[in-house]
Every structure is written in structure tokens, then in C-alpha cells.
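Hi there,

Here is the structure I promised to pass on. Please have a look at it first, and my notes on what turned up follow below.

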Amino acid sequence: MAPGAPLSRSSQFTTFPRDPRGGPTHARCSRPAPGRCHGSVPGACLLRLAPGARRGSMSAGLRFDGRVVLVTGAGGGLGRAYALAFAERGASVVVNDLGGDSKGHGKSSSAADKVVEEIRAKGGKAVANYDSVEAGEKLVLSALETFGRIDIVINNAGILRDRSFARISDEDWDIIHRVHLKGSFLVTRAAWNRMKNQKFGRIIMTSSAAGIYGNFGQANYSAAKLGLLGLSNTLAIEGRKYNIHSNTIAPTAGSRLTQAIMPQDLVDAFKPEYVAPLVLWLCHERCQENGGLFEVGAGWIGKLRWERSLGSIVREKNHPMTPEAVQDKWEKICDFDNASKPRTIQESVSILNDVLSQIESEEVSMNPTSYTRSASSGFDPSKYVGQKLPTVVYNYTHLQPILYALGVGMTTKDPDHLKFVFEGSEAFCCLPTFGVIPAQASLWDGGLASVPGLNIDFTKLLHGEQYLELYKPLPTSGPLTSESTIADILDKGSGALILLDVHTYCGKDLLCYNQFSLFVVGAGGFGGKRTSEKAKVTVNPPNRTPDAVLSDVTTVDQAALYRLSGDWNPLHVDPGFAALGGFQKPILHGLCSFGFAARHVLKHFANNDVTRFKAIKVRFVKPVFPGQTLQTDMWKEGNRIHIQTKVKETGEVAIAGAYVDLTSTLDKPSVKNPIKASGLQSDLVFEEIGRRIKEVGNQLVKKVNAIFQWDITKDGETAAQWTIDLKNGSGEVYQGPAQGSADTTFTLSDQDFMEVVLGKINPQKAFFSGKLKVKGNIMLSQKLEMILKDYAKL
């Protein structure tokens, strides 16, 4: 921009045409009293306040102590009112104002300084900032340097360059967009990551009736103001999961900008103080409004929403689409009787599924594109096969395995489930199918989308099959690293099938292997091969009556609960998005049904012993709706359990060609295979305990009847694991994790362990000081004290 160009000013008033009776009129109709007009343009309608709602007041209990607010254009008018109101309720305020005039000329610090002085005189906290909103980083930096954080951004700065459309210059157009639209973008972007990291943020965009309805002489201003609404709506979607809410207001208020075009009595009637309470409420942590649009003025508030006619289909199969057909249907297209009110883009386009079900799109002569790749499209799968995706690290605590277990139907009503949903259980462990959770992060976190040239329309991506193989029981917490490779890409004609191999590690140890079979609708026809030797194949069940049948009723919130494990696809929770996919309501995740089926096998054929689970392969056939009953039919053939899962209410098969491979009890790892000695001082103690227990093991097993695992750390990392097994046989001490489940697990450093053994530290004091951590049955530690006292003497 040109040096010295003014870029910040408080202006959020649309000039209304004058009514012959002396009052202002709404920008769209001839009735007096702007803000109270309920006339609507096509596609919009105004919501009145509910009967009995209080107007122009806000609870004195709404405080902003500890919050930091940035208000742009706060040197007067609305911005000043916002700054004073936030400060009065405990917020620290950055008062930004460039200090120019209403057209963006000039610069002064006095406007911002006066507001800061007002706030401080009342005991509030405030700092002035004189930068242009185009220097967004500087505004946010003022907040960070002075108050250490940024919580709320009020994008209020603005100027006017009113001209009829034919007289608008490039400069008139550009400066309005730089101040209103780009300025709001730059300031908000500078604060965005801070808000994401702290999981809190509130943003206000200031639109105008001119942006919503249009107004003579304000084409530049109207375009920028409606652009702010689109920006805010998108921020509301992207910020939702980080507790960042963005809302838009279209205020009518007297200000420095309006004094020249409104009589003083109207300036006084439309006080900025009659707008500020709405802004404060929208920015409070109690307010859950997000993506809203509000008109406000004179103590009245109304919420707007879009309205759409039912419309009409104007083409027929085997006939071209013509303007004459549009003319014939025009009355019905514009008929707002029984109008719909879409709230999201998914709801907006969902109607097209009904349209396409009535008309085959390829029959329309106007259709210029096709989703199918031809053999001559130049798509060469060999460029991508073998390509490694970015490594993904999945960090988790005991919370994630518990959420997953609940998500696939575990319940505290079943005593056998407690070890999967309670971290304090003596046998707390992960369900084997939790192994898909760290692996699936490879799909979303910069995974397939990061491969150059592999342009995938993720709205057409279907999960066709899944294979999971476990090499070790999954840890209940810790970082896991997943390495992904595109194993193959197959041409299925109607689509492309991508085989994605994911190997997941704990440190250097390979824990599990997943193969995702991903079907991209409409991406086939490139002339590739149809099969691959790398694919894990499905197997049909035996042709006989199942050996066992188990069923579980899913809850209506099953998908909402399962998605907390990391699959945030709105198809499973948003009715509008589900309709876009052609479903009457949100469907259950395929991997949720996968989890139900796997635990049915684990319960019936392995007594919920996770160490016996080896592998599972499934093919997803039909969707399941939350609330339906999942029935798993099972056939046992050796260590392989063939399974088929269907919806009990309809009889439709949901999972087919599936199986679970179990290990026999003879295949379980032997406790006789200790890992290499770690060279720690504690090694000598455990070896001595082992020698002495051999002499009196039978007696100890009777007295103790428990398995203890020790995780010995050095420099903050686990350096060795030892197990004292006083439950099985005649007792045993071996190096390595407990085979099966430990009753109690102790974690402490090698040095602290030695001091406990030597009596220099009392175990109870070590526990309460945080040096000794205990998981499982803490009461058994009393029996362990006897072991250390009697058998650990060196």
C-alpha cells in the first residue's frame, strides 16, 4: 500500500434513505425504525426475540476477569463503547485506533489515548495501539507484550467512501476492502493460533445492513461487509473444535461517522451502548452461539437466517436443459411457501441428492465433466505406489483407550469390561482393535492429501476393508509412531482402490500393522490392474450354522461417542452432511462396527484375554444406524474365527468375509525369555530376589497371590522392566513386562529404587513425593514390602 495511507477507523453505520415523516427508513423498505423491519430479501428471514426476552440489558454476573480483548477502531462510537464495557467487567483491553477521519485520511493518537484514560480512571486495565489494522500482527503483539495473551478480537474498525457505482474509483474500492475485509482478516489471523493453543477464542465481525440488503451509493462498502459474514461463518466452522466462536453483527448506532447524516436526536437514540451488551454476551465463555448473524440497534436485537424456496427441477431425462424450461417453472422456483431454512453448506446441497436420484446426470447434454478417469487421462499409479507418507506420532494417556472402549460398546454393567474402562483396574488394558486409532491418524494428519499429484476428492472416499495384525499387546499410554506407505492402487472401473499399509511402533518395537482399503468413487478407468498380491483378502465363512452368536444394541449416541476417538467425519453426526451422502440420518462408523465384532470374538473365544488376539480382517458392506442392534455370527475353525455381522432389525449384512485369528494358549510368549540385562543397579536386586524366591516360592505364592511389574527409569526414560510373579506355579522373577496382566505396576528411577531397598527412603514418602508411581491394586504393595524387606537384602 502507499505509505501513510490511513487504514483504521470506527464506522459501522449504513446510511438509510430518509422517510418523509422525518424518521430514518430501513435500507430495504419504506417503513420507519431501522432494525425493526421484518421484511426479507429472497433467501433470508429475520427472527424476532422470544416473548418476554429482556432487551438492552445484561446480567451483572457476566465477568471477563483474566480475559484480554482487542478492539479495533476503539477511539470512538461503537469501539469506545465496547472497550469501556469490557474493561468495566474486568477485561484487559487493547484500544486500537489509527486516529484518522471518517474517509481514512490523517492519523492521531489522541482518540485511543482518551479511551485508555477513561478506562484507567475507573480502575480498569488498558493500553493504546495506533497501528493500522493492516498491520494485524502489531495489534496482537501489543496484547501479548502488555497482558501476555489474547482471548477476544472485536473487528470494528472501518471507514466510508460512499459513491454511486459509476463514480467509484479503484482507490475508493480498494481502501474500503483493505480496512474492513482485509484488516479484519489480518488481525484475526494474527490471534488465531494463540486462540487454538489455549482452546478459547471469541471473534466478532462487524457487517452492516448495507452488506445484507444492499444500499445505494455503498457498493464498495456493501461488498466488503458481506465478505465479513462469509469469513466469520468459515471461522466458526474451523474454530469450533478449538472452542473458538465467531459471530457477525450488523449494528445501527450513532457515531462520529453518522453525525453528518443523522440528526442529533437520532444519534442519541441509537446509542453505541445499546449495541455493546450483545457483543459482550457473544464473547462470554458461557455463550455457545457460533456462526450467528445479528441485527442490533436502539436496544433491539434480531437474529437472521437464510430461507430457500423448495424450487423446481427444470430438466428431464434425455432432454436438453433450456431457458424456456426455466421460464416455465419460474413461479414455482420463487414460491416461498413451505420454504426450507438451510444452516450449513451440507444442508444447502443435500437436496441435490434427491434431484440426482430422479435424473441420471450423464443424460444431460449440458454436463461438461465426468468424474471417471479414462485410460488416456495420464494417471500413472506407479508414480505413487511405494510412496511413504509423513510419519505421524500419536500421543495418548489412559483416557483414549477408555473412550475407545466405550465407543465400541463396552459398559460397566458387564464385570468383564471393567479392565477396559477403568484405569485403576488390576488388569487395565487396551482393546486390541484400538490399534486402528493411532494408524488412522495417517489418513488425516497430512497423510494422503500430502502426496503431490495424487488428487483425491475426500468427499468420495469410502472405507472398503480393514486388516489389523498385532505383534504385542498395546500399551495403555505413551507416544506411538506410525509409518505409512501406499502399497498399491487398483483400477476397479467405477473407482480407484488405494491400499495403504501402516506400521505402528512403540520406540523401535513394532506393535501392529494395519492395511486400509480405501475406495475413491469415480476415480477408476485409468487402465490399471484390478488385483494385487499385496492385498489382505477376505474369506467367506463355512456353509453351516454359526458356532456362536452374540449381539449388542448400539445407542443413539454411539457414533457421537465413537468419533471422540479421532474420526471427526461429520457424516456420522451431522444430519445435513449425512443427507449429502445419500443417508436419511448419520451412520455409524464402519470401524465402530468393526470394534463391536472383534470384542464379540474376544469375549466368547478368548475370555477377553487380549494377548490371544492376533489379527482381524473385515469388509464393510452396508451402513449401520446408531440405535440398531449388531449381531455377530461366529464359526470356529482352529485358531481362526470366521465372522459376519448384520443388523438384527433388518437382517442386512454390515460386515462380511471377515475373520479373527487367535493364538492358542501354547502360542503365548514364554516368561522364560528375558530381555538383555540393562546394566542398572536394580538388576542385581531383582536377580537376588529371584534366587531367594526359588527357595521359598510356594510359600510366597500362597501368601501374596499377585503379579508385580516394575518399570525402572533412567534420565526420565524406561530403562528396564522386571516382573515378580507370585501367582503362577512356584513363583518366578524375570526381566521384561508381565505376561498377561500385572496386578500392580510400580514406576520409579533406578536410583530411587535402590534407596527404597536400602531403607534410605520410606516407600510411602516416595509415593506421596511423586518419586514412586503405582498403577493397579495399591493395597498389594503392602505385601510387596515384605518381599523387599526379607528377600532383597544384598
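The largest nonpolar core has 50 residues; a nonpolar core here is a set of buried Ala, Val, Leu, Ile, Met, Phe, Trp, Tyr and Cys residues joined through side-chain atoms within 4.5 Å. Buried means under 20% relative accessible area, exposed over 50%, and partly exposed in between, with a 1.4 Å probe and protein chains only. Inside this core, the residues with the most contacts are Phe-420, Leu-431, Phe-434, Tyr-562, Phe-594, Ile-616 and Ile-643. Helix 18 supplies the largest share of this core, ten residues. A second, separate core has 35 residues, among them Val-69, Val-71, Ala-85 and Ala-87.

Before you go further: this is a predicted model, where local features need pLDDT of at least 70 and side-chain atom pairs count only at pLDDT 80 or more, while totals for chains, interfaces and linings use all residues. Residues are numbered from 1 along each chain as its sequence is written, and side-chain values use heavy atoms, with hydrogens and water left out.

Back to Ile-616. Its contacts (heavy atoms within 4.5 Å), leaving aside neighbours within four places in sequence, are Gln-466, Tyr-467, Leu-468, Phe-594, Ala-598, Tyr-659 and Val-660.

Helix 18 covers residues 590-606; helices (H or I, at least four residues) and strands (E, at least two) are DSSP runs, numbered from the N terminus. From first C-alpha to last, the 17 residues of helix 18 reach 23 Å, close to the 24 Å expected at 1.5 Å a residue (the expected span is 1.5 Å times one less than the number of residues). Of those 17 residues, 14 are buried, so helix 18 is mostly covered.

What comes just after helix 18? It is Asn-607, with a positive phi of about 55°, although Asn-607 is not a glycine. Asn-607 sits in the loop between helix 18 and strand 16 (613-620), and counts as exposed because its relative accessibility is 63%. Ala-298 is another non-glycine residue with a positive phi, near 60°. Ala-298 lies in the loop between strand 8 (293-297) and strand 9 (300-306) and is partly exposed, at a relative accessible area of 36%. For background, most residues other than glycine have a negative phi.

Two helix pairs may also interest you. The axes of helix 1 (residues 77-88) and helix 8 (residues 276-283) come within 9 Å and cross at roughly 55°; axes are lines fitted to C-alpha atoms, for helices over the stretch in contact, and angles run from 0 to 180 degrees between N-to-C directions. Helix 1 and helix 8 are therefore oblique to each other (under 35 degrees is roughly parallel, over 145 roughly antiparallel, 65 to 115 roughly perpendicular, and the rest oblique).

Gly-136, Glu-137, Leu-139, Val-140 and Leu-144 in helix 3 meet Leu-186, Val-187, Ala-190, Ala-191 and Arg-194 in helix 4.

Finally, Met-754 lies in helix 20 (residues 750-757) and counts as buried at 9% relative accessibility. Met-754 and Val-685 are 69 residues apart in sequence and 8.3 Å apart in space, C-alpha to C-alpha.

Best wishes
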